[in-house]
Amino acid sequence: MLRKFPQFFLPKKILTPAAMLPYEIEAAEKLARLNRVYFSDPTKRIWVRAGETITLEGQEDYRLYLIIDGEIVAYRHDDKAAASGRPQETGHEIFRAGKNSYIGVQSFFSRRYRMSSSIVAETACELAYIDTTVKPVDPERYGSLAEQFIPAMLHELSLRADRIFATTMEKEAALQRMNRSEMSATLGQLAAGIAHELNNAVGVLARKTGFLTEFFSSEISQRSHDAADLFHRGLDYSGLISSDEVRHLSREFERKYDLAPEVAKVLVRIARTAEGAENLGEKFIENLAANAKYWELGHDLHDMEVAARHAIAIVRSVKLLGGGGNISRDPGLSVHESLCEAVALLKVNLRDITLKSDIGNPEDCPPICADMTEMVQIWVNIIKNACDALKLAGTPDPTIRLKMRVIPSGTLSGFISVEIEDNGPGIPKSAQQKIYQPDFTTKKNGLQFGLGLGLAIVRRIVDSYGAEISLASVPGQTRFTVHIPYKKM
């Protein structure tokens, strides 16, 4: 039966007996015996105030201490000559320790009796100690003093290994932060160069697109009311219909209304459903056959305006990687609308890819406080990477699926979930932890994947919104999931 020891005798980091393995119980018992037998002499106790130095690096100390209560900090100097009565001001912290930890194990049992570090009380401390006058207790049964303290030595070695590992991890994390900072600075310079080179040119395109829109709107309105109606319908169109739906309904409308394929596709986008087409009426459909080109013109100008506006804003948002630029985030933004704009920008990339959309209705999507350009950038970069992977791999029946849902309750309550999935070759496991690093690319079977600056931007934007992004990828299925928080009304 396990003996029950007072809390004082249980070493720090040892678990409660119910959660301990047999060897841990044995080690706890041995340490408890040492503490009870060797550190119970009330005449060998010292009390120190917070900030007081207990031992000095390089100085002789013939004691082995046990911390009864309180916490200490150990410091070491680059130059031992710099050791002073205030080591916390001149030394480097190397470890901390608390109740039931030993101080001076190495110097005491190596018989060097010279402290390798300065020990300072972080809080008020009570310490018990033994010195070189101590004699082994019950040596016939337990061996010499050094043999009896082997569990304490192993315990301290274990703690030191833990400290070294923790320090190594901290240094690695610091190095990664420094690398990210350097990359951000480089990208900031790159962004400034992009802004300088592109701002004027993109500004001209944006102004000329606006001029063309106003010109055609005025000219077409003077010619025909029906043509003007279709032009403005195309100009205002921002819907998102999967390519499967477009093909299916187009064939149905071609047969039912005797329409040319391109006119049937326009009707699909305007009506969205067979019932919607019937509600438009025969006269509207007859006018559509004659004036579909005006809808196409309006829609093309809409896409040009979206692209010009996005190009102007994208340079500004790229500066986020360098820590510069001020993004204006306004309430009332629709994630649904941002997905539609992203698809509009990627029409050329999606031309030979089946797009399956399950993003619901815009009125069901709660508004968020955000910047449209940032939201569009997230979707554009992920979808563009999917398109590139599908085409480079020559995937049969290449397909991208978009899914959006609002999560009103549960673990992810208050989030809008967006999934972007493709049936491409997948991202190797060895690369999945690196894809958000700037300029990172990977190859598989000789194929180059565009997983560089774009996903670095995505990660930065997602993090800035307190959102979350995750990746699940195997050959034949890659899915990015983004959870965006929204405020419940």
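T399 counts as buried, at 13% relative accessibility; buried means under 20% relative accessible area, exposed over 50% and partly exposed in between, with a 1.4 Å probe and protein chains only. The model is predicted, so local features need pLDDT of at least 70 and side-chain atom pairs count only at pLDDT 80 or more, while totals for chains, interfaces and linings use all residues. Residues are numbered from 1 along each chain as its sequence is written, and side-chain values use heavy atoms, with hydrogens and water left out.

**T399 and its surroundings**

T399 belongs to strand β12, which covers residues 399–407. Helices (H or I, at least four residues) and strands (E, at least two) are DSSP runs, numbered from the N terminus. The side chain of T399 comes to 3.0 Å from the backbone oxygen of D397. Such a polar contact is a pair of N or O atoms within 3.5 Å; within protein, one must be able to donate a hydrogen and the other to accept it, and residues adjacent in sequence count only if both atoms are side-chain atoms. Leaving aside residues up to four places away in sequence, T399 touches I353, T354, K356, L390, E421, D422 and N423, where contact means heavy atoms within 4.5 Å.

D397 itself sits in the loop between α13 and β12. D397 is not a glycine, yet has a positive phi of about 50°. D258 is another non-glycine residue with a positive phi, of about 55°, and is placed in the loop between α8 (243–257) and α9 (261–271).

| Residue | Relative accessible area | Class |
|---|---|---|
| T399 | 13% | buried |
| D397 | 56% | exposed |
| D258 | 69% | exposed |
| C125 | 3% | buried |
| C369 | 45% | partly exposed |

As for cysteine pairing, a search of the whole structure finds zero disulfides, a disulfide being a pair of cysteine sulfur atoms within 2.5 Å.

**Nonpolar cores**

A nonpolar core is a set of buried Ala, Val, Leu, Ile, Met, Phe, Trp, Tyr and Cys residues joined through side-chain atoms within 4.5 Å. The largest one has 48 residues, of which W379 and I400 touch the most other members. At least two residues of this core come from each of α12 (335–345), β11 (368–370), α13 (372–393), β12, β13 (415–422), α15 (453–464) and β17 (477–485). The greatest contribution is that of α13, with 11 residues. I400 touches L350, I353, T354, L355, K356, I383, A386, C387, L390, I420, E421 and D422, again not counting residues up to four places away in sequence. Another core lies apart from this one; it has 28 residues, among them I220, A271, F284 and W295.

Two strands pair if DSSP finds at least two bridges between them. Strand β3 (residues 63–69) is mostly covered, with five of its seven residues buried. Six bridges pair β3 with strand β8 (residues 125–131) in the antiparallel sense, and Y65 stands opposite Y129 in β8. β3 also pairs with strand β6 (residues 102–103), in the antiparallel sense over two bridges. There, Y65 stands opposite I103.

In a regular strand the side chains alternate between the two faces of the sheet. Strand β7 (residues 118–121) is covered on both faces: S118 and V120 on one side are buried, as are I119 and A121 on the other. Strand β2 (residues 53–55) pairs with β7 in the antiparallel sense over two bridges, with I119 as the bridge partner of T55. Strand β4 (residues 72–76) is joined to β7 by four bridges, and the two run antiparallel. I119 is the bridge partner of A74 here.

**The protein as a whole**

The secondary structure comes to 15 helices and 17 strands. The protein has 489 residues, and 44% of them count as buried. Among contacts with a separation of 6 or more, 73% are between residues 24 or more positions apart. The protein exposes about 26,300 Å², of which carbon and sulfur atoms supply 53%. Accessible areas come from the Shrake-Rupley method with a 1.4 Å probe, and for residues only the protein chains shown count as cover.
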